[in-house]
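Q: I have the model open and want to go through a few spots with you. Can we start with the terms and then look at some helices and loops?

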4 protein chains.
Amino acid sequence: MNRALSLAELLQGVADRGRRMIGRVRGGDGIAAGLTMQQLCERLVSSRGEVSGVAYAGAIITRWRQSDAAARLAFLDMLLARFGSDHAQVAAAIDAYARDPSDMSASLLHAATEPARQDLFRRINLAPGGVETLVRMREDLLPRLALRPDLAVVDRDFIHLLSSWFNRGFLTLRRIDWSTPASILEKIIRDEAVHEIHNWDDLRRRLQPEDRCCYAFFHPQLPEEPLIFVEVALTRGIPSTIAELLREERPVLPAEEATTAVFYSISNCQRGLRGISFGNFLIKQVVEDLHRDLPGLVDFMTLSPVPGFAAWVGGDSADVEGAKEARAIATTPGWIDDEAACARMEALMPALAARYFLLARDDGGRVIDPVARFHLGNGAQLERINPLGDRSPRGIGTALGLMVNYRYRPEDIETNHERYFASHEVVAVPSIRSLLPRTGAKRPRLPSARRGAKSEHKE
Amino acid sequence: MNRALSLAELLQGVADRGRRMIGRVRGGDGIAAGLTMQQLCERLVSSRGEVSGVAYAGAIITRWRQSDAAARLAFLDMLLARFGSDHAQVAAAIDAYARDPSDMSASLLHAATEPARQDLFRRINLAPGGVETLVRMREDLLPRLALRPDLAVVDRDFIHLLSSWFNRGFLTLRRIDWSTPASILEKIIRDEAVHEIHNWDDLRRRLQPEDRCCYAFFHPQLPEEPLIFVEVALTRGIPSTIAELLREERPVLPAEEATTAVFYSISNCQRGLRGISFGNFLIKQVVEDLHRDLPGLVDFMTLSPVPGFAAWVGGDSADVEGAKEARAIATTPGWIDDEAACARMEALMPALAARYFLLARDDGGRVIDPVARFHLGNGAQLERINPLGDRSPRGIGTALGLMVNYRYRPEDIETNHERYFASHEVVAVPSIRSLLPRTGAKRPRLPSARRGAKSEHKE
Amino acid sequence: MNRALSLAELLQGVADRGRRMIGRVRGGDGIAAGLTMQQLCERLVSSRGEVSGVAYAGAIITRWRQSDAAARLAFLDMLLARFGSDHAQVAAAIDAYARDPSDMSASLLHAATEPARQDLFRRINLAPGGVETLVRMREDLLPRLALRPDLAVVDRDFIHLLSSWFNRGFLTLRRIDWSTPASILEKIIRDEAVHEIHNWDDLRRRLQPEDRCCYAFFHPQLPEEPLIFVEVALTRGIPSTIAELLREERPVLPAEEATTAVFYSISNCQRGLRGISFGNFLIKQVVEDLHRDLPGLVDFMTLSPVPGFAAWVGGDSADVEGAKEARAIATTPGWIDDEAACARMEALMPALAARYFLLARDDGGRVIDPVARFHLGNGAQLERINPLGDRSPRGIGTALGLMVNYRYRPEDIETNHERYFASHEVVAVPSIRSLLPRTGAKRPRLPSARRGAKSEHKE
Amino acid sequence: MNRALSLAELLQGVADRGRRMIGRVRGGDGIAAGLTMQQLCERLVSSRGEVSGVAYAGAIITRWRQSDAAARLAFLDMLLARFGSDHAQVAAAIDAYARDPSDMSASLLHAATEPARQDLFRRINLAPGGVETLVRMREDLLPRLALRPDLAVVDRDFIHLLSSWFNRGFLTLRRIDWSTPASILEKIIRDEAVHEIHNWDDLRRRLQPEDRCCYAFFHPQLPEEPLIFVEVALTRGIPSTIAELLREERPVLPAEEATTAVFYSISNCQRGLRGISFGNFLIKQVVEDLHRDLPGLVDFMTLSPVPGFAAWVGGDSADVEGAKEARAIATTPGWIDDEAACARMEALMPALAARYFLLARDDGGRVIDPVARFHLGNGAQLERINPLGDRSPRGIGTALGLMVNYRYRPEDIETNHERYFASHEVVAVPSIRSLLPRTGAKRPRLPSARRGAKSEHKE
């Protein structure tokens with residue numbers, strides 16, 4: 001006679017409430033009846049005591065969810081035209097500041113220049129589903145920016161509010177495993193961006209064995225929506241190919257025997273949160289948690305793609321030794337199935353890769369590879385080069401099969417990170433630095449990574 | 001920095017503990033080292049203070065799990081040979097009873113006759129995973145009974161203990177939905193016994209829309225193992241074919257607009273609990289819960305298979321009007337695709353079905369159909385006959401396509417149930433009773449089902 | 001062998017993590033070692049990739065918690081002096097706006113004028129305990145404002161951020177009952193501001209009987225800190241004295257027989273959130289939830305104190321009929337124990353109270369009574385006047401014993417609320433309006449409350 | 001708008017369901033209407049399909065709860081008179097066994113001799129609250145046994161069933177802390193049997209500081225009823241007096257600095273489960289959990305009362321050296337406040353205590369002290385003698401102030417336990433054994449406890 005309490009109910013019952021609210025709207029809009037979207041927004045912003053605010057906010061959310069693309073564009077246009085800054089108010093505050101340029105008058109000027117949109121957005125969150133709807137609204141806005149650059153000023157308000165609300169302090173790390181609700185798991189399948197999850201069996205192979213795990217950040221208001229997740233393999237030794245991690249039949253390693261945690265895939269799930277970064281916190285936190293739960297783990301590594309490598313080899317690096325030959329091989333169809341070509345490629349790649357990571361820079365003076373920028377910026381060091389680590393068409397197409405390992409040493413993360421941002425120094429192990437040409441002039445002083453006994457390897 | 005608390009951990013962490021224990025055994029059996037399975041069992045039963053009992057029980061569980069079929073048979077043989085009754089003790093207790101045949105001496109005789117197996121089984125439960133292992137042990141035993149009828153005495157002890165431990169009062173009803181852990185959902189896919197669930201998408205169609213739901217019983221010691229589950233469709237009106245419930249594309253009915261809850265599939269999940277009935281409690285409880293949560297529901301129906309019908313038509317019912325013709329059609333290959341044959345079958349079936357349910361009996365005088373026995377025994381009434389309700393090969397093969405609806409009227413359940421067991425009366429609506437031949441002699445007095453205004457229908 | 005999972009762990013483990021962090025700081029500050037509070041704050045604000053931000057934020061939180069009053073004042077001074085606006089940046093942005101006064105330049109000006117404090121505050125939330133610490137920091141700031149009005153500009157930044165983060169959409173309503181963790185209950189005892197809870201037994205009497213309940217708002221980051229709570233009695237009929245609700249020995253009413261929910265105490269718990277209002281949402285939500293769970297409830301009432309009444313009678317209302325006599329009685333020591341004095345007071349009070357609520361206004365033209373402003377502003381109506389409803393010293397001292405009932409009619413809440421804010425109209429039942437003097441000139445047109453059959457009462 | 005999910009609801013909602021059921025009974029007994037308690041029990045036992053069983057069981061539970069002492073005795077009498085063994089059936093089964101004394105016929109005889117009560121009890125558990133009611137029924141029965149020894153046969157059936165259902169495998173260990181629901185904490189206050197908890201503040205001092213903890217066993221069907229609990233202090237070094245653990249003002253030790261876990265109080269909560277032992281499992285499990293969570297803990301100790309000591313000194317031990325003097329002091333009123341007397345007592349006690357534990361035995365040859373039997377039987381060893389460890393009136397009265405420490409060495413628990421039960425050997429450290437008189441003849445060979453470096457101490 002016990003009540004059937006579904007696990008979803010533990011997830012704060014948000015969806016349930018959402019349904020209740022929609023159910024109510026089915027039966028009529030209440031005080032929102034007969035009002036246009038703009039009127040609803042105006043009433044919401046002007047409502048004083050907020051008692052009716054919940055109803056207006058709920059009506060706005062429901063209407064927006066039911067809107068088609070054209071109505072959503074009209075909504076954005078309205079946000080742009082009607083909920084911007086009050087220029088008279090701005091002018092008055094500037095005058096006041098000019099008369100008395102104090103911190104208080106600057107603070108008042110700050111308040112006077114706040115676009116009405118920010119208040120509107122905050123009030124939309126009075127109703128259930130508010131945060132999620134704002135994320136979806138920005139998801140709708142972002143792809144329009146190319147054609148409608150004037151909407152950028154609206155996006156600024158979304159960014160401001162969502163950055164504040166999706167602050168690290170509000171996020172919860174949860175383990176994703178085979179006991180996770182299917183409603184969440186289907187989003188993991190859908191959003192995996194690096195090594196596609198083909199079906200539920202493939203997913204299970206990545207979650208259920210004790211030498212595989214997955215972690216995601218969640219926000220309390222979106223309990224069934226992972227924000228970002230990382231997939232981890234527990235191994236003995238550092239893997240050099242993705243195939244060895246993902247193959248169907250393999251012996252499972254008892255978790256307590258593992259020495260190495262390999263982060264082999266990191267994916268963002270919310271397009272509406274583009275530019276609001278979680279990845280750095282995620283890796284740092286997962287390293288900490290794994291370290292605590294499995295004291296046997298001594299190495300924290302990635303096995304990462306190198307998405308900019310093929311283009312670099314094929315392009316500006318023309319004069320680099322070996323690049324020409326690599327290009328010739330790479331443009332021969334089917335080279336990956338030709339043993340001799342592969343052997344040659346494997347021989348050429350380390351020196352090319354060392355140059356790509358350590359010397360090559362983009363126009364802004366930055367490391368070219370976006371994945372490298374992410375991990376190096378997070379405080380990792382470049383640990384190993386794995387030619388032909390990814391033989392999938394995508395791996396060949398974007399990186400001539402190259403993969404690399406970045407290593408996270410908990411004790412170095414913060415100093416590596418600070419160094420990277422201070423000087424764009426790429427921290428790499430000596431064995432990689434030694435691959436650079438010996439001619440002094442071209443070789444900058446490069447920071448040397450600390451080498452622990454555990455990280456020794458031959459290449 | 002919040003800890004990643006997986007939902008599975010809320011499920012009492014049993015699996016986790018199991019793992020911990022296995023992990024320990026990897027590292028050596030401790031006090032169990034070097035002992036045979038029989039010695040372990042003997043030590044477990046003789047251990048006085050139970051402190052070492054947990055270790056012995058854990059070792060027995062681990063060993064048994066790692067055993068192959070032959071070792072498991074040897075284990076059963078040992079249970080039979082070494083852990084039966086102590087006949088000297090039985091004889092002494094019989095003597096004592098003979099001298100003073102009181103309730104106390106009967107109680108002492110009861111204790112004296114308890115096979116040692118029962119105590120052994122109870123003590124196996126000292127260690128984590130005990131209950132589940134006992135269920136698996138019986139799962140291993142049951143199929144052997146045909147060749148080894150002498151093991152029946154061992155089975156009696158399993159039945160006694162598992163009946164006591166899987167008592168209704170210990171079971172929890174939980175809703176199964178798309179937020180349920182995947183580890184549970186995969187068992188729903190695996191164990192659906194009536195209308196196969198083809199894949200995860202098929203499963204989602206049965207769980208996620210608001211007009212579909214599913215409930216299962218769980219035992220606190222097996223938190224990830226459903227014991228029995230029922231799938232329910234919420235509809236307006238009583239469905240007559242399974243196809244209309246399971247088809248992929250269909251409009252979803254808002255739950256609060258539904259008038260009818262249709263139980264269209266009930267499956268047991270634990271072979272090791274065969275004969276320990278939950279189904280009756282499950283339906284009764286789900287009816288109560290749905291009734292409370294969706295007051296708009298007025299009809300509680302099944303859409304049920306009739307697994308014994310084809311055999312009955314093909315067999316002993318030879319002399320019944322229409323049976324011969326039905327047999328002729330049924331033995332024509334491909335008849336289900338022949339419109340005329342189908343029309344004829346639809347015409348013949350109602351009278352045949354009425355006879356099958358209301359008059360035909362097996363050698364023990366019972367209703368022939370096992371599904372009918374289940375629902376009628378639970379207090380349902382026979383509500384409607386649906387010729388060609390299931391055109392699947394299985395539906396055609398076992399029931400010539402026939403399906404029926406049983407109706408659960410909350411207010412009649414208990415009296416129908418009592419009547420059925422008192423007199424084997426089949427409660428059916430008048431429209432079904434009227435299908436019987438009018439010749440008085442052959443027609444017994446049949447109980448008439450109450451008809452509510454809501455249950456009116458034409459056939 | 002199951003793991004001991006404390007209920008607190010379900011509360012997101014925040015405290016636990018906090019401890020872990022403090023533990024770490026015990027062992028040394030890591031990268032924060034040797035830095036002053038100001039240096040920590042500067043590093044935190046300037047850290048680019050946020051990886052080291054968590055460590056700086058954690059160190060700031062720990063240091064602040066360990067600070068004494070003087071150090072906390074120094075911290076505020078530093079916030080004032082060092083983390084205000086960048087006036088050069090403000091001036092440049094004003095120039096840019098002057099050249100092109102567009103929405104975009106206004107938005108850039110808005111960004112340029114943001115005091116550095118806001119960014120600092122947001123980043124403090126990178127570490128566990130951030131939100132709570134910010135609330136405590138404001139708790140420390142508020143009482144200093146009287147002597148240090150220059151700190152108001154700092155308070156503006158706290159208000160801005162906390163308003164955004166304690167937005168209704170982030171709050172969770174939870175029932176407080178006898179199964180609530182003691183760590184939360186002790187805060188209910190401590191923070192009850194209207195009718196003191198004397199001890200745990202007194203608390204139990206307000207939570208455990210089925211005709212008593214209590215609800216509180218929580219924020220996900222402060223899972224053990226109620227923000228505001230309301231105590232409710234379920235009754236048949238409208239109570240007119242607080243004593244009848246709080247007395248120790250009384251028959252308990254079965255919850256489903258109750259017709260009336262009486263909100264008899266509302267208390268705020270977080271001084272650091274002063275001015276950020278939750279009360280209106282709380283009552284509205286509790287009305288909705290009770291309405292859903294106990295359909296028998298038809299009246300939603302308060303039994304409220306009238307804290308401004310005694311001062312009003314004693315003061316500006318000098319010329320009002322009956323006031324002089326009431327003053328005379330009130331200044332007689334021990335009048336409350338004098339039956340004749342009480343009877344006289346009971347006779348005088350209704351007319352005085354009607355005048356107090358309906359006609360008297362403060363200098364700003366507002367209703368005088370703060371509790372009245374709260375409930376009327378939330379959409380309630382004045383329902384009944386209860387002379388000598390509270391005979392406690394406090395009740396006598398502040399209100400001559402007067403209590404009133406405000407009624408929340410779910411269908412009128414929003415319109416009453418809008419009316420109140422549009423015109424400061426006090427909605428009262430006719431029986432109260434009729435207590436006003438009949439002389440036309442002094443009597444404004446007053447809105448009449450709707451009267452349901454259920455709300456009939458005699459006075 | 002989130003739903004208020006009380007923590008209690010996570011506790012399986014049993015109470016809630018119980019209320020629902022009671023609510024239903026208020027409105028009429030349904031099929032139970034008009035039946036006597038005996039008729040209800042008969043119907044419940046004879047109901048075949050169990051569908052109506054839930055209703056009968058619910059009615060029995062409700063009636064019994066509402067019964068007064070006389071009605072409860074009548075209920076027991078009915079259980080005795082009407083639900084015992086079926087002697088005709090017993091006789092037939094004895095005959096069958098006599099003809100064929102096989103295991104199967106013994107098993108059938110076992111079934112035939114089962115008193116009807118056992119089936120009745122199992123079926124009472126069909127309804128919510130069944131297990132708890134059976135525990136309460138036994139609680140009612142036990143004190144009657146002295147006057148009504150004939151009820152012992154009824155008690156045997158309670159014991160049989162409750163032993164099976166409260167099997168270790170079904171129990172969950174939960175930490176009790178200041179975040180535990182008040183409804184559970186009040187039971188901790190009520191049931192503490194060793195060192196009284198005076199009020200909620202006293203309780204808090206035992207739960208909240210990080211160097212104090214408490215663990216309890218729970219059964220899934222009684223989620224708000226602790227079965228047994230143990231209070232633990234984390235210390236550096238072994239405490240010799242209870243006062244140092246319980247005093248109000250004391251510095252709190254950071255948990256990770258503790259080296260010793262001191263079990264200073266163990267209390268049973270359910271009188272209805274008397275004789276069904278959990279204590280041994282509890283200590284073993286808590287040792288394991290603490291060991292895992294706080295690796296710094298190396299010593300697991302009790303600080304235990306010696307409830308049989310004063311009586312032993314005062315009685316049969318008359319001829320033992322020092323006993324006479326101790327008796328003389330103990331019978332001097334106020335000796336505990338006389339420094340000289342205390343000093344003398346402290347000098348006398350070690351040798352007396354050593355004799356009490358190591359040599360003295362009761363008529364059954366057992367160690368006299370019940371607390372000693374408990375801990376020694378669980379595999380602990382006698383570690384230290386603390387004269388005047390408990391100066392409370394109770395401590396003086398029962399033990400002349402004596403307390404002792406028993407040590408649990410995880411690696412010795414099982415062998416100590418086996419030794420104790422094999423030979424009643426008391427394992428004690430050498431420093432205690434050396435306190436025995438040196439005269440060889442009187443001194444048996446005593447087992448020596450292993451001494452770790454950590455356990456060294458002077459006395």
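A: First a term: buried means under 20% relative accessible area. Also, this is a predicted model.

Q: Fine. Which residues are buried in α10(B)?
A: In α10(B), the buried ones are B:V153, B:V154, B:D155, B:D157, B:F158, B:L161, B:L162, B:S164 and B:W165.

Q: And what do the buried residues of α10(B) pack against?
A: Within chain B they pack against α5 (69-82), α8 (116-124) and α9 (130-141). From chain D, the partners are α7 (103-112), α8 (116-124) and α10 (152-165).

Q: How far apart are the end C-alpha atoms of helix α10 of chain B?
A: They are 20 Å apart. The helix has 14 residues, 152-165, and at 1.5 Å a residue it should span 20 Å, so the two values agree.

Q: You brought in chain D. What superposes chain D on chain B?
A: A rotation of 179° with 0.1 Å of shift along its axis, giving an RMSD of 0.1 Å. That is the relation of a two-fold axis.

Q: Which C-alpha in chain D is nearest the axis?
A: That of D:H110, which lies 2.5 Å from the axis.

Q: What percentage of the contact residues of chain D recur in chain B?
A: 100%, and the same surface serves both copies.

Q: Staying in chain B, how do α3(B) and α8(B) pack?
A: Helix α3 of chain B, residues 37-46, packs on α8(B) at an angle of about 90°, with the axes 9 Å apart. That makes α3(B) roughly perpendicular to α8(B).

Q: Which residues meet there, between α3(B) and α8(B)?
A: B:C41, B:L44 and B:V45 come from α3(B), and they meet B:D119, B:L120, B:R123 and B:I124 of α8(B).

Q: Now chain C. At what angle do helix α3 and helix α5 of chain C pack?
A: About 45°, with 11 Å between the axes of α3 (residues 37-46) and α5 (residues 69-82) of chain C. That makes α3(C) oblique to α5(C).

Q: Is the crossing of α3(C) and α5(C) left-handed or right-handed?
A: α3(C) crosses α5(C) in a right-handed way. The residues that meet are C:M37, C:Q38 and C:C41 from α3(C), with C:F75, C:M78 and C:R82 from α5(C).

Q: Switching to chain A. How many helices and strands are there in it?
A: Chain A has 21 helices and eight strands. It has 459 residues, and 59% of them count as buried.

Q: And which share of its contacts comes from residues 24 or more positions apart?
A: For chain A it is 70% of the contacts with a separation of 6 or more.

Q: What about the packing of α16 and α17 of chain A?
A: Helix α16 (residues 323-330) and helix α17 (residues 339-358) of chain A pack at about 140°, their axes 10 Å apart. That makes α16(A) oblique to α17(A). Their crossing is left-handed.

Q: Which residues of α16(A) and α17(A) meet?
A: On the α16(A) side they are A:A323, A:E325, A:A326, A:I329 and A:A330. On the α17(A) side they are A:A341, A:R344, A:M345, A:L348 and A:L352.

Q: On to backbone angles. What is phi for C:L400?
A: C:L400 has a positive phi of about 55°, although it is not a glycine. It is in the loop between α19 (393-399) and β8 (403-407) of chain C. C:L400 counts as buried because its relative accessibility is 7%.

Q: And what is phi for D:L388?
A: Phi of D:L388 is near 55°, a positive value, and D:L388 is not a glycine either. D:L388 is in the loop between β7 (381-386) and α19 (393-399) of chain D. At 4% relative accessibility, D:L388 counts as buried.

Q: Where is D:G389, and what is it in contact with?
A: D:G389 is in the loop between β7 and α19 of chain D, and at 4% relative accessibility it counts as buried. Leaving aside neighbours within four places in sequence, D:G389 is in contact with D:S240, D:T241, D:I242, D:A243, D:G401 and D:M403.

Q: Last one: is D:D140 buried or exposed?
A: D:D140 is buried, with a relative accessible area of 15%. It is in helix α9 (residues 130-141) of chain D. Apart from neighbours within four places in sequence, D:D140 is in contact with D:W64, D:R72 and D:L76.

How values were computed
Residues numbered from 1 in each chain as written. Chains lettered and ligands numbered in written order. Predicted model: local features only at pLDDT ≥ 70, side-chain atom pairs only at ≥ 80, totals over all residues. Heavy atoms only, no water. Helix = DSSP H or I, 4+ residues; strand = E, 2+ residues; numbered from the N terminus. Expected span 1.5 Å × (residues − 1). Buried < 20%, exposed > 50% of the residue type's maximum accessible area, 1.4 Å probe, protein only. Contact = heavy atoms within 4.5 Å. Least-squares fit on C-alpha atoms with pLDDT ≥ 70 in both. Axes fitted to C-alpha atoms, helices over the stretch in contact; angles between N-to-C directions. Parallel < 35°, antiparallel > 145°, perpendicular 65-115°, else oblique. Left-handed = near helix turned anticlockwise from the far one by under 90°.
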